[in-house]
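I opened this notebook to record what I looked up in the structure.

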Amino acid sequence: MRFSTFFIPIITLTFIIQGCSKDSSDESMVSTAEFSLMDTQGKSYNVEKRGTNFTLDAGKDKVVLFDIFATWCPPCQAEVQHLGNLQKKYGDDLIVMGITIEEDQSNEDLEKFREKYKGGTYLMANKADNQELSRAIASTIGVGQQFPIPLMVLYKNGEYVTHYAGATQEEIIDHDIAQALGR
């Protein structure tokens, strides 16, 4: 009886101390995932989710704007020209990545969509991972799985800046991009 009275508290205390020690890696507690995107020109991009951060492999030291949209959505159609204007204005400091939630759009259809609504040259992804990435972003920013479109989310070096649900004025997005770039 003395053995259990003496050693059980010591063993319990040992587990508590080890569980709370700084040696345990916080990294193992962070949710991670990788997503593969392909633009309408056939170029591949990778997005890494680490906790609440989403990092586009080509987006180091840039602002990345993920635009989750559908071609049939009137507010999505209206934003295309704004996104093209912003891409043109900020050039290499900004990557606008349109992510369609539709599964049946061809690359040609997406290119025609962007041309019809005067979207310039920003990127559009058209791959199976679009759905998973869209859901992961929406879940992470707290808008749920039945999120409104367009849903635009800004990241700087993979870190969340802000998001916009529904139609948003170009000037508001422009202001937030400039602020994220320190301008």
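I counted a salt bridge where a side-chain nitrogen of Lys or Arg lies within 4 Å of a carboxyl oxygen of Asp or Glu. Arg-114 and Glu-111 are 3 residues apart in helix α3 (residues 107-116), so about one helical turn separates them. I noted Arg-114 as buried, and Glu-111 likewise. For burial I took under 20% relative accessible area as buried, over 50% as exposed and anything in between as partly exposed, with a 1.4 Å probe and protein chains only.

I then recorded the basis of these entries. The model is predicted, so I kept local features at pLDDT of at least 70 and side-chain atom pairs at pLDDT 80 or more, while totals for chains, interfaces and linings use all residues. Residues are numbered from 1 along each chain as its sequence is written, and side-chain values use heavy atoms, with hydrogens and water left out.

I asked how many salt bridges the rule gives in total. The count comes to 4. One of them joins Lys-89 and Asp-174 at 2.7 Å, N to O. Lys-89 lies in helix α2 (residues 74-90) and Asp-174 in helix α5 (residues 170-180), so this pair ties together parts that are 85 residues apart in sequence. I found Lys-89 exposed at 52% relative accessibility, whereas Asp-174 is buried at 17%. Another salt bridge joins Arg-50 and Glu-48 at 3.8 Å, N to O. Arg-50 is partly exposed at 34% relative accessibility, and Glu-48 is partly exposed with a relative accessible area of 34%.

I turned to the secondary structure. The protein chain has 5 helices and 8 strands, in the sequence pattern α-β-β-β-β-α-β-α-β-α-β-β-α. I took helices (H or I, at least four residues) and strands (E, at least two) as DSSP runs, numbered from the N terminus.

Which strand order does the open sheet have? I read β6-β5-β4-β7-β8, that is 5 strands with mixed pairing. The edge strands, each pairing on one side only, are β6 (123-125) and β8 (159-165). Two strands count as paired if DSSP finds at least two bridges between them. Neighbouring strands of this sheet are turned by 20 degrees against each other on average, direction ignored. Axes are lines fitted to C-alpha atoms, for helices over the stretch in contact, and angles run from 0 to 180 degrees between N-to-C directions.

Within the sheet, I found β4 (residues 63-69) and β5 (residues 94-100) running parallel, joined by 7 bridges. Val-63 stands opposite Leu-94 in β5.

I next examined the helices on these strands. Helix α2 lies across β4, β5 and β7 (151-156), at about 155 degrees to β5. Helix α5 packs on the sheet and touches β4, β5, β7 and β8, its direction making about 175 degrees with that of β8. Contact here means heavy atoms within 4.5 Å.

Buried residues make up 40% of the 183 residues in the protein chain. Among contacts between residues at least 6 apart in sequence, 62% join residues at least 24 apart. I found 0 disulfides, a disulfide being a pair of cysteine sulfur atoms within 2.5 Å. Cys-73 is buried at 4% relative accessibility, and Cys-76 is buried with a relative accessible area of 1%.
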